[in-house]
Amino acid sequence: MLHAREQAWVALRDIASRIAPGMAEADAATMAGERLHAAGMQRIWHPSIIRFGANTLKTFRQRSEPDTVLGQDDIFFVDLGPVFDGHEGDVGDTFVVGGDPVMHACAEAARELFRRTAARWHEGLDGIALYAYAGKEAEAMGWRLNHETKGHRVGDFPHAVHKAGSLGNHDAVPVSGLWILEIQIAHPERAIGAFYEDLLVRD
């Protein structure tokens, strides 16, 4: 699982570095697939999701507004679900082009909220309590948590054989190396959001 996680993060950073203003969201998704194959991915267990601008408010299953192009001052996130050596990776992060300070703050807030929530997991909180905490903490930080985005189990493909359902409904303490914590936030007024996800792993 740790190998799949590391390979997925390497691919995500590569993909994000190739996204630039003027690129269409659909073209970025195609490029992501090409880069994942070049990285040695066996298959995907969920489609690569890339969201630009206001589409960063969309949940996993919602369709992006068509023909979206990344602006000069804009925000985007990358969400990957590749399989490496039979094991599922699942990583996501948000990036900003240009100098909009609110967008930069939004991207960093998603990462910080992930860190704070993961720290509570280390204290022994179950999945339900983790997302209750994340919602309150997001509000205290000045953002809104998307409560439809609540993480899940991963493992050797396909993970649903082992455990289906979301982390946000899991009433036990998540086991290290098997659960993805997902954080998606939105600005309270502007049409922008941010996303961050990673494997919960104890040191």
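These legends accompany a set of close-up views of one predicted model. Residues are numbered from 1 along each chain as its sequence is written, and side-chain values use heavy atoms, with hydrogens and water left out. Because the model is predicted, local features need pLDDT of at least 70 and side-chain atom pairs count only at pLDDT 80 or more, while totals for chains, interfaces and linings use all residues.

**View A. The largest nonpolar core has 49 residues.** A nonpolar core here is a set of buried Ala, Val, Leu, Ile, Met, Phe, Trp, Tyr and Cys residues joined through side-chain atoms within 4.5 Å. Buried means under 20% relative accessible area, exposed means over 50%, and partly exposed lies in between (1.4 Å probe, protein chains only). Look for Ile15, Ile19 and Ile185, the residues with the most contacts inside this core. Helix α3 (residues 101-122) gives the most to the core, with nine residues. Helices (H or I, at least four residues) and strands (E, at least two) are DSSP runs, numbered from the N terminus. Apart from this core lies another, of five residues, among them Trp45, Val83, Val154 and Leu199.

**View B. Here are the surroundings of Ile185.** Contact means heavy atoms within 4.5 Å. Not counting residues up to four places away in sequence, Ile185 touches Cys106, Ala109, Ala110, Leu113, Trp143, Arg144, Leu145, Gly193 and Ala194.

**View C. Helix α1 (residues 2-17) shows its buried residues.** The 16 residues of α1 reach 23 Å from first C-alpha to last, close to the 22 Å expected at 1.5 Å a residue. That expected span is 1.5 Å times one less than the number of residues in the helix. Buried in α1 are Ala4, Ala8, Trp9, Ala11, Leu12, Ile15 and Ala16. These buried residues pack against α2 (25-38) and the strands β1 (43-52), β2 (74-84), β3 (87-88), β4 (91-97) and β8 (193-199).

**View D. Helices α1 and α2 cross.** Two packed helices are described by the angle between their axes and the distance between the axes. Axes are lines fitted to C-alpha atoms, for helices over the stretch in contact, and angles run from 0 to 180 degrees between N-to-C directions. The axes of α1 and α2 come within 10 Å and cross at roughly 140 degrees. The two helices are therefore oblique to each other; angles under 35 degrees count as roughly parallel, over 145 as roughly antiparallel, 65 to 115 as roughly perpendicular and the rest as oblique. The crossing of α1 and α2 is right-handed. A crossing is right-handed if the near helix is turned clockwise from the far one by less than a right angle, and left-handed if anticlockwise. Ala11, Asp14 and Ile15 of α1 make the contact with Met31, Ala32, Arg35 and Leu36 of α2.

**View E. Helices α3 and α4 (residues 127-141) pack together.** Their axes lie 10 Å apart, at an angle of about 140 degrees, which makes α3 oblique to α4. This crossing is right-handed. From α3, Ala109, Glu112, Leu113, Arg116, Thr117, Arg120 and Trp121 meet Leu130, Tyr133, Ala134, Glu137, Ala138 and Met141 of α4. The buried residues of α4, including Gly127, Tyr131 and Gly135, pack against α3, β5 (144-145) and β7. The end C-alpha atoms of α4 are 21 Å apart, in agreement with the 21 Å that its 15 residues should span at 1.5 Å a residue.

View F. Asp67 sits in the loop between β1 and β2 and is exposed, with a relative accessible area of 76%. Asp85 is found in the loop between β2 and β3 and counts as exposed at 56% relative accessibility.

**View G. Thr59 is a buried residue of the loop between β1 and β2.** Its relative accessibility is 10%. The C-alpha atoms of Thr59 and Thr149 are separated by 6.9 Å, although these residues are 90 residues apart along the chain. Leaving aside neighbours within four places in sequence, Thr59 is in contact with Arg51, Asn146, Glu148, Thr149 and Gln184.

**View H. Ser48 lies in strand β1.** At 17% relative accessibility, Ser48 counts as buried. Beyond its neighbours within four places in sequence, Ser48 is in contact with Ala32, Leu36, Asp79 and Leu80.
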